[in-house]
Amino acid sequence: MTEHSLWRFSRALHRAINDRHFEDIEALIDEDVEWALYGPIDMFPFLGARQGKDAVLDVIRQLADNFQVRRFDRESIMLGVDSAASMLRYSLTALDSNKPISLRVAQFAQFRAGKLVSLRVLIDTFDLVEQALGRAIHLPKMSSVG
């Protein structure tokens, strides 16, 4: 039995972010990859949708410039032959401030011939924004109409 593409991609991504070793991740990304990290792009310009290998590698370099992955836990995972869906909890360090950041993400990946062809990541953005701002966000109370 061969190793699932998600495991190779995950290891290479974390190595690229933490060690700035990009060669392994480059080999695992399809030229026409579709990539979307859904979150507050006004605060984090590397979030959003990208098309193509060069654009995705640029995002990975921006992530490496801003964060270090301290830990990640897979809360749940479902693997298909060429696909994977997972809920992850990340512990990061913001490199500019040395502040810890923790966040949860849902990740949906598709592979073809061992290369990533599509990645969609949904980030728990409310918690992320509070951590980035360094304070709680107080929303107005919603009243229910009887």
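## Helix H3 and its buried face

In H3, the buried residues are Lys 53, Val 56, Leu 57, Val 59, Ile 60, Leu 63 and Ala 64, where buried means under 20% relative accessible area with a 1.4 Å probe and protein chains only. Seen down the axis of H3, these residues fall within an arc of 155 degrees, so they line one face of the helix; the arc is that of the directions from the helix axis to the C-beta atoms. An α-helix has 3.6 residues a turn, so residues three or four places apart point the same way.

This is a predicted model, in which local features need pLDDT of at least 70 and side-chain atom pairs count only at pLDDT 80 or more, while totals for chains, interfaces and linings use all residues. Residues are numbered from 1 along each chain as its sequence is written, and side-chain values use heavy atoms, with hydrogens and water left out.

The cover over the buried residues of H3 includes helices H1 (5–19) and H2 (23–27), together with strands E1 (29–38), E2 (48–51) and E3 (67–79). Helices (H or I, at least four residues) and strands (E, at least two) are DSSP runs, numbered from the N terminus.

## The largest cavity

A cavity is a set of points, on a 1 Å grid over the protein atoms alone, where a 1.4 Å probe fits but cannot get out, and lining residues have an atom within 4 Å of a point. The largest has a volume of about 400 Å³, a volume being the space filled by probe spheres set on the points, which are joined across faces, edges and corners.

Of its 21 lining residues, Leu 37, Leu 63, Leu 92, Leu 103 and Ile 123 are the closest to the centre. Leu 63 is also one of the buried residues of H3. At least two lining residues come from each of H1, E1, E3, E4 (83–94), E5 (100–112) and E6 (115–123). The lining has 19 nonpolar, two polar and no charged residues; Ala, Val, Leu, Ile, Met, Phe, Trp, Tyr, Cys and Pro count as nonpolar, Asp, Glu, Lys and Arg as charged, and the others, Gly among them, as polar.

## The second largest cavity

The second largest cavity has a volume of about 90 Å³. H1 gives the largest share of its lining, five residues, and the lining includes Phe 72, Arg 74 and Tyr 90. By class, this lining has six nonpolar, four polar and one charged residues.

Notes
Buried < 20%, exposed > 50% of the residue type's maximum accessible area, 1.4 Å probe, protein only. Contact = heavy atoms within 4.5 Å. 1 Å grid on protein atoms, 1.4 Å probe; cavity = no way out; pocket = protein on both sides within 12 Å on 5 of 7 lines; lining within 4 Å.
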